[in-house]
Structure formats: structure tokens, C-alpha cells
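Please look through the structure shown here before reading my points.

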Amino acid sequence: MDFIWCCFVRRVKPQDHVAEFSTEKKVRLFFYNELKTATENFCSSNKSGRGGFGTVYKGILRDGTAIAAKVLSAESKQGVNEFLTEIDVITNVKHPNLVQLIGCCVEGKHRILVYEYVENSSLDRALLGFRSQKVKFNWDIRSAICIGTAKGIAYLHEGVQPQIVHRDIKASNILLDKNFRPKIGDFGLAKLFPDNVTHISTRVAGTTGYLAPEYAMQGQLTKNADIYSFGVLVLEIISGRSSSMPYRETDKLLLEWTWQLYEEGKLKNLVDPALVDYPEEEVLRFIKVALFCTQAAARRRPSMGQVIHMLSKPTRLNEKELTRPGLIPESKNAVSSNSTYSITEFSRSPLTHTQMAPR
Ligand SMILES: Nc1ncnc2c1ncn2[C@@H]1O[C@H](COP(=O)(O)OP(=O)(O)O)[C@@H](O)[C@H]1O
Ligand SMILES: [Mg+2]
């Protein structure tokens, strides 16, 4: 690491202040050329995917370390120092269920985030993707993904200062390591683009199913919005169905359909047909915990700490306390008509950028 800083100071004179900053803050800086070589010139065959913030490429560093380089496309109005301060915060958040940020490249206009490479791609491909890419997950793996993800979110909510609201919990942000253990990606990113909501608009258009109604409609962003998204994610993991694709049989989205099954006492129908031989009581408990997380009234949702407890132990849930899930009325039409609308179109109040609790 010292070698990199030392090179930086020596070779990139105009940005000496960046190198100084990195030494002080322990952010690892990469040369653009270094990442260009690692990713074979950002070759399309190394492209892992594209999200709201930019394109992700797989790369191999000279020392053999596999990385995922996220080339940020959204323009940040932040200066270099503010950018690096946020990177510093993210770099210092370490947990087995969070994707580790290794460093970044800040050279000229280039802004690239360098992450540890997580071998088994994302949960959306493995569980919800095309048949050829799908992995057959048994209950042990599915429940471990739910609990591991809950632990990662709980750490962001309760284990770091300042606390972090992820605000983009969804299957494509859950990466799976070689043993299919979950690692949450993209936490802390929204802070890098305080004036930019493009990525949210993209997400609203494509994956409405994860958005808590108070966030989507009033822009109220608290930990409760993450808890809602987590609940939806659990339903996807159990059903093997995407939250944004209406069920062909009923034309209902996943959460709405789950609630109907709950009221009819038929929750078992939700379980992925590919999941055979599972502990029924436990699976039903997971579904009910997900319903507690997705209640319309944000304050009724459990904390992530409580969620971990309810998922890990055979707890008896007080179902008398369970109320209706929060559903966004237009979401079904928006998804099925494939229209793209921005969050502001159905939100009167401006989005609040309170991704981190006040320092
Ligand atoms: N650290 C990583 N290791 C391996 N693959 C990754 C990593 N980060 C992202 N990816 C892949 O790149 C895709 C795009 O990622 P991203 O830009 O975060 O978009 P989004 O989260 O909106 O899907 C992900 O779905 C995942 O398959
Ligand atoms: Mg992502």
C-alpha cells in the first residue's frame, strides 16, 4: 500500500493533495492505468453489470487479487476531498456480510471504486435470473442468506457511527461468496452524489417492489425503509420470484399476493416449488417476519436486531400485532406498462438525503 502512495506522490504531481489525504485517511488510491490493466482496458467481456451508479468490471491486480471496479458515471458535484472523506467512511465499515471497499481511483475526471470481488455474483442472478443461471438453493442456504443479510443491515443501522441507511436493499445488491454467504454491496454510495437522484429514479422505474411507501411517496428515508426492503427480499428468497414482476395467475405483485395468501391461511403456496423438503414451521415464520417488516405503518416494523432474533430462534410471533403491508398504488401499472417515471413525479415533497444520521 505504501508503494502505491509513494508512486502517487512521485508521478501524479498535480494531485499531491489527494495523496496526502489518502495517507492521512488510509484510503488506498489506485492509478487509472493500474485499473485499466487489471480490467484489460475495461473490456466488455469483464463487465459484471451496470447499475444506477455506473458499470462494474471484474479485474485482477498485479498481485493476483480479484477486484470489482465500479466506474462511476453519475457526475458528482463534490470536490475531491469531500469525495475521499465519504470513501474513508465506507472503507472503515467492515463486516463479514458487507462487501469490502478496497480503495478508489480519483484521477482527472475518473472516479472508480475498487471492491473485493465476490465470486458467485448477485442474488438476483442466482435466484431470480434466467433458468440457465439459476442455482438450486436449499433451505439452509436460503435461511443463511436471510440471516446474514439481516446481520449486515443491522451492523449498518446499529453497529457504526454515523449510522448508515442503505436505501437500496435489493437482490442485485446482495452478492454471494464462494460458499453462497451473502455480502451487501453499495452501502454509503448515495452520499457521494448528494445532488443526484438519477439512480433512485432508475430504481423506481425498474424495481418498485422494494420501496417503502413513505420513502417512495414522501421521500421519508429512515432505517424503516431498509427494513421494508429487507422484508420484500425475504419474500423473494422464499418464493424464488421477483418482487417487481406480477404473478401471471393473479396479476398481483409479490407482497400483495403474500398478504392475500396470509389472509386466506394459504401461506405455504408462496414457497418456491423448487424448494423441496423444508421445515414448514420455520419457513412460515420467515414469511411472517417479512410481513412484519413490510407493514404500511413504518413505526410498527421491527428493528433489524429484533429481526435477527425472530429469524434465528423459534420465536412465537404475536400475529395480533401484524397489520397490512404498505403497497404503492401505482407500482403495478408502472411495472407492467414498463414506463419509466422519476421519483419526483409521485412525490410532492422533495427527497430528503438523510442517508446517514446526523454526525
Ligand atoms: N464486488 C462485486 N463482486 C462481484 N460482482 C459485483 C460486485 N459488485 C457488483 N457486481 C456485479 O455487478 C452488477 C452491477 O452492480 P451495480 O453497479 O452495483 O448495480 P446494481 O446494484 O444496481 O445491480 C451486480 O448485479 C453484480 O452482479
Ligand atoms: Mg449494486
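How do the residues of the shell around ligand 1 divide into nonpolar, polar and charged?

1. The model is a predicted one, and the points below should be read with that in mind. In answer to the question, the shell around ligand 1 holds eight nonpolar residues, nine polar residues and three charged residues.

2. Ligand 1 is surrounded by 20 residues, and the closest of these are Gly49, Gly51, Val56, Ala68 and Ser172. Strand S2, which covers residues 47-50, and strand S4, which covers residues 66-72, each contribute at least two residues to this shell. The largest share, three residues, is supplied by S2.

3. My next point concerns two helices, H9 (residues 223-239) and H11 (residues 280-293), whose axes come within 7 Å and cross at roughly 150°. Because angles over 145 degrees count as roughly antiparallel, H9 is described as roughly antiparallel to H11. The crossing of these two helices, H9 and H11, is left-handed.

4. Which residues meet where H9 and H11 are in contact? On the side of H9 they are Ile227, Tyr228, Phe230, Gly231, Val234, Leu235 and Ile238, and on the side of H11 they are Val283, Phe286, Ile287, Val289, Ala290, Leu291 and Cys293. Sorted by class, this contact of H9 with H11 consists of 13 nonpolar residues and one polar residue, with no charged residues.

Notes
Residues are numbered from 1 along each chain as its sequence is written. Chains are lettered from A and ligands numbered from 1 in the order in which they are written. This is a predicted model: local features need pLDDT of at least 70, side-chain atom pairs count only at pLDDT 80 or more; totals for chains, interfaces and linings use all residues. Axes are lines fitted to C-alpha atoms, for helices over the stretch in contact, and angles run from 0 to 180 degrees between N-to-C directions. Helices (H or I, at least four residues) and strands (E, at least two) are DSSP runs, numbered from the N terminus. Angles under 35 degrees count as roughly parallel, over 145 as roughly antiparallel, 65 to 115 as roughly perpendicular and the rest as oblique. A crossing is left-handed if the near helix is turned anticlockwise from the far one by less than a right angle, and right-handed if clockwise. Two residues are in contact if their C-beta atoms, placed from the backbone, lie within 7 Å. Ala, Val, Leu, Ile, Met, Phe, Trp, Tyr, Cys and Pro count as nonpolar, Asp, Glu, Lys and Arg as charged, and the others, Gly among them, as polar. A residue is near a molecule or strand if its C-beta atom, placed from the backbone, lies within 6 Å of it.
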